[in-house]
Amino acid sequence: VKFEGGKLPSSIGGLIHLRFLSLYDAEVSHLPSSMGNLKLLLYLNLCVAAKEPVHVPNVLKEMLELRNLFLPSLMHDKTKLDLGDLVNLEELWYFSTQHSSVTDLLRMTKLRSLSVSLSERVTFETLSSSLRQLRNLETLHLDFRYKTYTVDYVGELDLDFIHLKELGLTVHMSKIPDQHQFPPHLEHISLFYCRMEEDPMPTLEKLLHLKSVLLDTDAFVGRRMVCSKGGFPHLCALEISEESELEEWIVEEGS
């Protein structure tokens, strides 16, 4: 739906018994402060189809019952959201350290799904100390694409979550971390914009529980890839970006 002037009507705040609100793909650039009245919301999806950054008032902190929160992927530069009191969240997507404090994550111990975009002013160490509290995570997506340097030490991030099944990494790194730095029961991994020059398969094929691997846009920029005999014992899906520069792919018998 398109809203006039890109503004969600303030009358939405009158629906005080609302439990579910999705603005997915709606053309909205301004959300009213009256949304703070929706204190019973369990599910809020703000993944709008805005052609410009979205203005989000700092009222989400009032929605203490929230279980599922999807923030806009592009918010106005001056947007500041206090989310630390949303301790019942089980799913949080597009959390950005540019617009919220990374320490807000510390109390969200019920989180099972999380995606984080890391801004320039937050270090890996700070992020790691916040993530360490989230022992129930099953899905984690980390987006460092806006960092200006190449990361060769993703392993410094504490990814050893016992329940983690799905991991997405958008980060520039010359090679993939060692296998022991990945969660022990990982089933799905997605890599974006990594620009890895070294073949990631010798590491990935040793992750015994992997069911799917996605090498998306510019994940691997090397020319040669080898899948060894006995590797990937449970893999069901392998997807490689059509933009890949791959020239030679060797799949040994039994891989």
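This is a predicted model: local features need pLDDT of at least 70, side-chain atom pairs count only at pLDDT 80 or more; totals for chains, interfaces and linings use all residues.

Visitor: With which residue does Asp-85 form a salt bridge?

Guide: A salt bridge pairs a side-chain nitrogen of Lys or Arg with a carboxyl oxygen of Asp or Glu, within 4 Å. Here the partner of Asp-85 is Arg-107, and their closest N and O atoms are 2.8 Å apart. Arg-107 is also partly exposed, with a relative accessible area of 47%.

Visitor: Which parts of the chain does this pair tie together?

Guide: Asp-85 lies in the loop between strand 3 and strand 4, while Arg-107 lies in the loop between strand 4 and strand 5, so the pair joins parts that are 22 residues apart in sequence.

Visitor: How many salt bridges does the structure hold?

Guide: There are 10 salt bridges. One of them joins Glu-245 to Arg-223, with the closest N and O atoms 2.6 Å apart. This pair links distant parts of the chain, for Glu-245 is in the loop between strand 11 and strand 12, and Arg-223 is in the loop between strand 9 and strand 10. Glu-245 is partly exposed at 33%, and Arg-223 is partly exposed at 40%. A salt bridge may also belong to a network: Arg-223, Glu-245 and Glu-247 are linked in this way.

Visitor: How many bridges join strand 3 to strand 4?

Guide: These two parallel strands are joined by 3 bridges. For example, Leu-69 has Leu-92 in strand 4 as its bridge partner.

Visitor: Which residues touch the most other members of the largest nonpolar core?

Guide: In soluble globular proteins, nonpolar side chains tend to be buried together. The largest nonpolar core here has 68 residues, and those touching the most other members include Leu-69, Leu-92 and Leu-44. Helix 1 (residues 124-131) gives the most to this core, with 3 residues. Leaving aside neighbours within four places in sequence, Leu-44 is in contact with several residues, among them Leu-21, Met-35, Leu-60 and Leu-69.

Visitor: Finally, how does one describe the whole chain?

Guide: One may count its elements and then consider its overall dimensions. The protein chain has 2 helices and 12 strands. Its radius of gyration is 20 Å, close to the 18 Å that the globule rule gives for 255 residues, so the chain is as compact as a globular protein of that length. The C-alpha trace spans about 65 × 35 × 35 Å along its principal axes. Buried residues make up 48% of the 255 residues.

Key:
Residues are numbered from 1 along each chain as its sequence is written. Side-chain values use heavy atoms; hydrogens and water are left out. Two strands pair if DSSP finds at least two bridges between them. Helices (H or I, at least four residues) and strands (E, at least two) are DSSP runs, numbered from the N terminus. Buried means under 20% relative accessible area, exposed over 50%, partly exposed in between (1.4 Å probe, protein chains only). A nonpolar core is a set of buried Ala, Val, Leu, Ile, Met, Phe, Trp, Tyr and Cys residues joined through side-chain atoms within 4.5 Å. Contact means heavy atoms within 4.5 Å. The radius of gyration is taken over C-alpha atoms; the globule rule is 2.2 Å times the number of residues to the power 0.38.
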